[in-house]
Amino acid sequence: MWSFFSRDSSKDFPYEIGEQVQQFDTKSIWSLHRGKRKGTNDEVSVFTYDIKNGSDVKLELAKAALKRLKTLRHPSILQFLDCLETDKVLYVATEPVEPLGTHIGKLAAEGPQRDLYLAWGIFQITRALSFLNNDGNLRHNNVSVWSVFVNTSGEWKLGGLEYVSSTELPVVPPIKIPPSLEIYDPPEKSDPNKLKTATKCSSDMWGLGCLVWESFNGPLKTRGNLKNIEGIPKSLAPLYCELVGAAPASRPNPADVITKCRKPGGFFKNDLVDSLLFLEEIQIKDKVEKMRFFSALTAQIDNFPDNVCRHKILPQLITAYEYGDAGSAVLAPMFKLGRLLEEAEYQKRIVPCVVKLFASTDRVTRSRLLQQLDLFISHLQPNVVNDQIFPQIAHGFLDTNPTIREQTVKSIIHIAPKLNYNNLNVEVLRHFARLQSRDDQGGIRTNTTVCLGKIAPHLHPQVRQRVLVSAFIRAMRDPFPPSRVAGILALAATQQYFLLNEVAIRILPALCPLTMDPEKSVRDPAFKTLRGFLGKLEKVSEDPSLRESMEADVHTATPSLGNAAATWAGWAVTAVTAKFYRSQSDTARPRPPLTEQPSSSSISTTTSSVTSMTSLEHESADTSASASDYGPDNWDQENWGDMDTSQDPSSPMAGTSNQLTANLNMVGSDEDEHNRAQQKEASHMAHPSAMLSHVGASINSGGRGAGGSSSSNSTTTNNTTSSSVTDSSTVKASSNNSSSSSSTCTSTNTSNSNNNTIANHISSPSKMIALKNMNNLLNTGSSNSNQLTGWNNGGGGAAGDGWGDGEFESLDEPSAGTNAKMDEARRKREEKKMQRQRELEAKRAARTGSGGGPMKLGAKKI
């Protein structure tokens, strides 16, 4: 029983007391220790006062400070957690802090971070003094760098409450213990006349002035040092002089200090203070203000102190997204700040948030996540990627929005090293095969090829050997020129993965036709790649022993692209491994005038497949095309392009009937009602060659029409007297009949109702010849379906997603009777036109001939 009463009661204190903070005990009656909460190991600070070895005066001061600390609650006042009083010692636990007197020496000597941070700290102490003086009617009487504490978030907290007194009592400056604190006493303490003019805040404003001086100049040695204002910022110097003025009545109220310094150009008016104040009030801000704030925050946080970003801003961002309506704009600054965290802390705070975000159905959020995947993928464990992240990403391959599909393709680059065999070699390749063969966006097909070349080192050797050649050959037969370039470069960049027999039998025969490609941007890499492969074969022919070393990486599980970079294919490795095809938006450059005619080597039907964030948010069905200006190498520029609402008219399924309707209306805008009726009748004729002939005649006779520019709504004008098929020309159409014919790289979709043939460029000889070939193709296969034939379908005409052999067959030459059929259809159309014209004239004559002239208004017909 006696042992119960004699046991040490300090053991009941739920905190472990650690090492002591140096220097603080010489400036306070307390000693400060680092501590941890028992059970959770949460860090705290423990203030201890030795009752046994202290005096009664000090004990009263310690108890007064504890009383004030318990009752005063404010964001800028030290947070109280717990306390314990025994016969020997008094313990007070608070949030983990360190004295400003020791912390300020750790700050950078100069720079924007220091100035912003000091402004935020002084603002917080001024706000705390305003709370005490104006709201609490209290005087602090002990403001200095040793009564201010800094927590882990970098926030300044006012402590040292031993000498707090009521403003209703007479002004009696306290006697400080220890005496070293007396240097911060105001001058009126020794002058009774000035003491009579003291206000409720005059002594605290003097202490604030001392705090400002020490923040910029270091420890205050004597009171005379306060006259030196060289280290004080110019925006704060006038106010500082008021704070340390000799007359107590002239010192400003802390509320007035905040008001004056928060004005434009004031010391408290900066990005850090504005941002942190906004985060404190974020719950009362509307959605528009939040979006504007988070959009600007990403660029500003580079100048913010790391501890403030890590412990103050980042938790606020996570909370704002999880429990508020901040939207996807918060993701960019959140992931940027996440890099400041330790790995264990990142796994605890950011990774669960990332997993939750990927499950979001909001397209804007998904797009932002995919764009910023490189910022956090290194912190995700492979099991998290395969089980929780990849299933959500894979949904993007099937999304109806081109932006999501394109960003999903690009995201595979980052997650490929962490994917398991099934997800990478089965699921990803299955989606890639479908996108490369069926997607209507040329940019997406191009980037699928680029991505496949990038992830080749991570594929299983057997899968890689079976897939790469077929996939790249398919890309080289795509009607979209950048896709053909991507296929060529991907072959060269992954040349170490091909057997020499495969090079001779499959790759070289597929490359040779591209040496006659209409686009020089395709021909140049084709020649270079051909020379590289031929040189490789020639070396092996001269020295067969080299064959084993050249095929060393074919069956290697995780080869490196470095082997290819050291060979002739280094130029292609640089292109494929570093960059994607760039889709340029309308906002990136001014749109060319409608009368501008591009050269024959330019590509006029290329647009971005990236949809603007505005269209994502509003799910708008309207799209506007934009011109993409890329030369031989622009497809692999570092910039992926801004988000725009364009579709890709160069792809076989991207056109709409509205474009041709507008063209025909503009070409025939000067015709009378009779001619328009005949034009409408001709557009509904059964044979599609009649429509094509009408379009050709209109363009040849009517001039430029609506498609005579290099803008994104333009395509190639075709002359009916030309004879060869170009790879870049496309005919867009829809037909209810099934497809039975095959084609080459040209993607041809015929139509007998929508009139989706869009034409413009008549200056290029290589592009003037397509119209006649369209007619030939339409006559030989007038029942084509609205599919991507020739590069989408297999040799037998059935659409397939695989990368098998024999699926690309050469286009049959048009039959000899094609021109005769065209002439016959044209002759019948002319006869029908003349017959209808005679019928209309006869009706007109019958109305006016026997009636004695035209009928007058109001006359009755007898």
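Let's start at one spot: Val21 sits in the loop between S1 and S2, where helices (H or I, at least four residues) and strands (E, at least two) are DSSP runs numbered from the N terminus. This is a predicted model, in which local features need pLDDT of at least 70, side-chain atom pairs count only at pLDDT 80 or more, and totals for chains, interfaces and linings use all residues. Residues are numbered from 1 along each chain as its sequence is written, and side-chain values use heavy atoms, with hydrogens and water left out.

**Around Val21**
- Val21 counts as buried, at 8% relative accessibility; buried means under 20% relative accessible area, exposed over 50%, and partly exposed in between (1.4 Å probe, protein chains only).
- Leaving out neighbours within four places in sequence, Val21 is in contact with Leu32, Arg34 and Pro99, contact meaning heavy atoms within 4.5 Å.
- Val21 and Thr102 are 81 residues apart along the chain, and their C-alpha atoms are separated by 9.2 Å.

**The whole chain**
- The protein chain has 32 helices and ten strands.
- It runs to 862 residues, of which 52% count as buried.
- Take the contacts between residues at least 6 apart in sequence: 74% of them join residues at least 24 apart.
- The chain's accessible surface comes to about 38900 Å², and carbon and sulfur atoms account for 52% of that; these areas come from the Shrake-Rupley method with a 1.4 Å probe, and for residues only the protein chains shown count as cover.

**The largest pocket**
- The largest pocket has a volume of about 540 Å³. On a 1 Å grid over the protein atoms alone, a pocket is an open set of points with protein on both sides within 12 Å along at least five of seven lines, while a cavity is a set of points where a 1.4 Å probe fits but cannot get out; lining residues have an atom within 4 Å of a point. Grid points are joined across faces, edges and corners, and a volume is the space filled by probe spheres set on the points.
- Its lining has 25 residues, with Glu98, His103, Lys106, Asn151 and Thr152 nearest the centre.
- Elements giving two or more residues to this lining include strand S1 (15-20), strand S2 (31-37) and helix H4 (112-135).
- The lining splits into ten nonpolar, eight polar and seven charged residues. Here Ala, Val, Leu, Ile, Met, Phe, Trp, Tyr, Cys and Pro count as nonpolar, Asp, Glu, Lys and Arg as charged, and the others, Gly among them, as polar.
- The pocket lies between domain 1 (15-97) and domain 2 (100-271), because both give residues to its lining; the domain bounds come from an automatic or database domain assignment.

**The cavities**
- The structure holds twelve cavities of 30 Å³ or more, and the largest cavity has about 250 Å³ of space.
- Of the 23 residues lining the largest cavity, Trp30, Gly159, Gly160, Leu161 and Glu162 lie nearest its centre.
- Helix H2 (residues 56-71) gives the largest share of that lining, three residues.
- This lining has 15 nonpolar, six polar and two charged residues.
- Domain 1 (15-97) and domain 2 (100-271) each supply at least three residues to the lining of the largest cavity.

**Two other loop spots**
- Gly105 is in the loop between helix H3 (100-103) and H4, and counts as exposed at 64% relative accessibility.
- Gly105 and Ser215 are 110 residues apart in sequence, yet 9.4 Å apart in space, C-alpha to C-alpha.
- Ala359 is in the loop between helix H14 (351-358) and helix H15 (363-371), and is partly exposed, with a relative accessible area of 44%.
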